[in-house]
Amino acid sequence: MREAKTPFWGAVSQARSARMRDHAGFCDIADYGFLSDCRSAALVSSDGQVDWLCWPRFDSPSIFAAILDPDRGGSWRIAPAGLRFSSSRRYLPHTNVLETTFRCATGTVIVTDWLHTGARQALCRLVSCVEGHVRMISVCDPRPGYGQTVPSWGSRLGWLVCDAHDGQMLVLDGQSSASEQFELRAGEQRAFSLCLGRPGPSDITDSLHRAITYWSEWASGLRLPDYASELVERSALTLKGLQYKPTGAIVAAATTSLPEDVGGERNWDYRYSWLRDASWTLHALRQVHRHEEAGSYLDWLKAIVMRHGALHLQIMYGIGGEADLEELTLDHLRGWRDSRPVRIGNGAAGQRQLDVYGELADAIWLHRCASRRPLGPHRARLLAWCADQAAASWRLPDEGIWEVRGGARHFTYSKVMCWVALDRAIRAARKDRISWFDVGRYKRERDAIRAEVERRGWSEAKRAFVQAYGSDALDASALLLAQVGFLRPDDPRFASTVAAIERELTRGGLVDRYRIGDAADDGLSGEEGTFSICALWLCQALVSLGEIDRAREVFERVTSCASDLGLLSEELTPDGLQLGNFPQAFSHISLIVAAFALDQALKRRGALTEATSA
C-alpha cells in the first residue's frame, strides 16, 4: 500500500478551535467531511456532528439535515461534553473513512466515522481515548423526511428504535437513550451505530476493517500522476463515493440546495445523474485507470434507453433511472445560512440542452478508445442516436450547459457539442467500419455547424467566441473548444478567446462561468460564486497553449481553496470560500483531468530541458 503523504495544499490535520459554528449553528461548507457506502452519503463537521444523511439512496429524504436547518433538520453529535476543545481530522490513508481527533484539557479522543460497506446500511462511529480521560456526549436526533418528522425513541430488545420513513425504522446501538454522556480513559473505546431497518454490525471493529479494506483495495489500482497525486487520489475516491453502486449512475453532488450565493435563490438539488457528466466522468476515470466504473455508467445509460426509449431521453435522471424529478420547495427549512428556497427535485430535467448529444457521444467514443473491441450493437445504436439527434436539432435554440431559466437561446457551446456528436459518430464508423451509420449526412451537418459557429458565434468586437449568437457576452464553456477538437490549440482564435475570458471573467484568480447581467440573462436574481470547473478548464486551456507556469498558478489557486480534507464544492467566492453543493463531482472530475494535463506538460518540459542541456 502507498504511504500517506502530506498534501501540497496544506496539512491534513490542522487544529480547529472549539467555536466552529456561527451564532445560528451553521458550519462553513468546507468544514464537512464526506462519507459514502456507494449508495448514500453523510457529511460530518469538524466538531463531530453528522449534519447530513439520506437513506437508503443519495436522493432519498434526509435522516439528518442540520446543514440546511440546525433547529429542524436533525443531527448526531459526538464530542467532548462541556469542555473547550480543538479538533483535527484526516481520512485514513486511501479511504473514505474519517478520523477526527479532539484535544481538551483532560485528554485526547479520536472519533472514527464511516458508512458500513456491507449489505445493511449503517452509520458507524468508534470513540477511542488515546490520552488522559475525556467526558463525551452523544446526542442522536434524527428528523426523517427532511425534518418534517420528530420521531419518538423506544426500546426493543436492548436497542433504541424509532420510525424513519416509508414504514422503515432506525435502530441505534451503543447508547441507552438518545442523549447520553460517558467517560473514557486512555485505552478505552466505545462503539455506536445507527442502522436503517435492522440493527447495525454486531462487530464494529470488523466493520471498520471491511470499510478500510474496501476503499484501500479500490484505491490501490489507481494510476496517479506525480504532480498533485494526493489531490487526484482524493478526487478519485470522492467520485467513487458519488457513484450509486446498484445502477452505476453518478450523482452530481451529495447534497441539495447549498447555495451559489449566500441568502440567494440559486439553490438546486444535485443528487441526480446528468447525461452531460458522462464524457468528463469517463475521461477522468480513464486517466486513473478505472474502467469498470465507466462501463457501469454506460450500462446505466443503456438501461435508461431500454426503459424510456432513445427518442425521449432527458438530460438527467434519478439514480435508479427515474424520469420524474418534479421540483418542489421545502418551505419549512430555513436553508443554509438562510438561503431559500430549499429544493428537492430538479425542473431542469425537462429542458432542451443540445450539448448533451455531444457529451454522451464523446463518452461512448472515449470508452471505445479504451477498448480493443469494436463498439457493441447497443452502444453503436446509442451513438448513432446522438448523431441523428444532433443533425436534426442543432438549428434549434436551447437552455444550454448552464440550464438557464431565462428562455432558450442559440448557445455557441451547444452548437459545438452537436458538432462533437457528429464528429465522434464519423470517427467510430471509420474505426469500426460501421456501414449503417449515415456518415454522408453526418459530414454535411458537421460542416454546416462549423460554418455557422465560425460566422455567428465569433465576435470581432471581443475577438472571442461568445456565449450565444447575437451577444457579446463571454462564457467559460468556450475554454473547451480546443479540448473537444473543434479548434486546434494553435488556432489564433482560441488563444484570443482564452485571453478574453481571462480578461473579463476572472475574479481573484478564479473564473466565472459568465457575468450575470443583461448580456447574459439567466432568468434568476442574485449573484453567484466563481465555478471551480471553469478555473480548471482555464488551466487545461493554458496547458494546451503552452502556458505551463500560468496553468499551474490557476490549478494551485483552485486547490488552495480545497478543504483540509481535499474536498471541493461547486463554486468559490473570489476570496476562496466554498459555495454550492458538496462535494461536487464535476469539480473533482476536472481536477483530475487538469492535474494529468499539467503533469504531462511538466514532464515534457523537463525532458526538453534535459535534452537541451545535454
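Visitor: The side chains of Asp423 and Arg446 meet in a salt bridge, at 2.9 Å from N to O. How many residues apart are Asp423 and Arg446?

Guide: Asp423 sits in helix H8 (residues 412-432) and Arg446 in helix H9 (residues 439-456), so the pair links distant parts of the chain. Helices (H or I, at least four residues) and strands (E, at least two) are DSSP runs numbered from the N terminus. A salt bridge puts a side-chain nitrogen of Lys or Arg within 4 Å of a carboxyl oxygen of Asp or Glu. The separation of Asp423 and Arg446 is 23 residues.

Visitor: Good to know. What kind of model is this?

Guide: Residues are numbered from 1 along each chain as its sequence is written, and side-chain values use heavy atoms, with hydrogens and water left out. Local features need pLDDT of at least 70, side-chain atom pairs count only at pLDDT 80 or more, totals for chains, interfaces and linings use all residues, and the model is predicted.

Visitor: Are Asp423 and Arg446 buried or exposed?

Guide: The classes rest on relative accessible area: under 20% is buried, over 50% exposed, and in between partly exposed (1.4 Å probe, protein chains only). Asp423 has 5% and Arg446 has 17%. Both values are under 20%, so Asp423 and Arg446 are buried.

Visitor: How far apart are the closest N and O atoms of Asp47 and Arg21?

Guide: Asp47 is buried at 7% relative accessible area, and Arg21 is buried at 15%. They form a salt bridge whose closest N and O atoms are separated by 2.7 Å.

Visitor: And for Glu528 and Arg266, how many residues apart are they?

Guide: Glu528 and Arg266 are both buried, and their salt bridge has its closest N and O atoms 3.4 Å apart. Glu528 lies in the loop between strands S22 (510-511) and S23 (530-531), while Arg266 lies in the loop between helix H3 (229-241) and strand S15 (273-274), and the pair is apart by 262 residues.

Visitor: How are helices H4 and H6 oriented to each other?

Guide: Axes are lines fitted to C-alpha atoms, for helices over the stretch in contact, with angles from 0 to 180 degrees between N-to-C directions. Those of H4 (residues 277-287) and H6 (residues 355-369) come within 7 Å and cross at roughly 25°. Angles under 35 degrees count as roughly parallel, over 145 as roughly antiparallel, 65 to 115 as roughly perpendicular and the rest as oblique. H4 and H6 are therefore roughly parallel.

Visitor: Which residues of H6 meet H4?

Guide: Contact means heavy atoms within 4.5 Å. From H4 come Ala278, Ser279, Leu282, His283 and Arg286, and they meet, in H6, Glu359, Asp362, Ala363 and Leu366.
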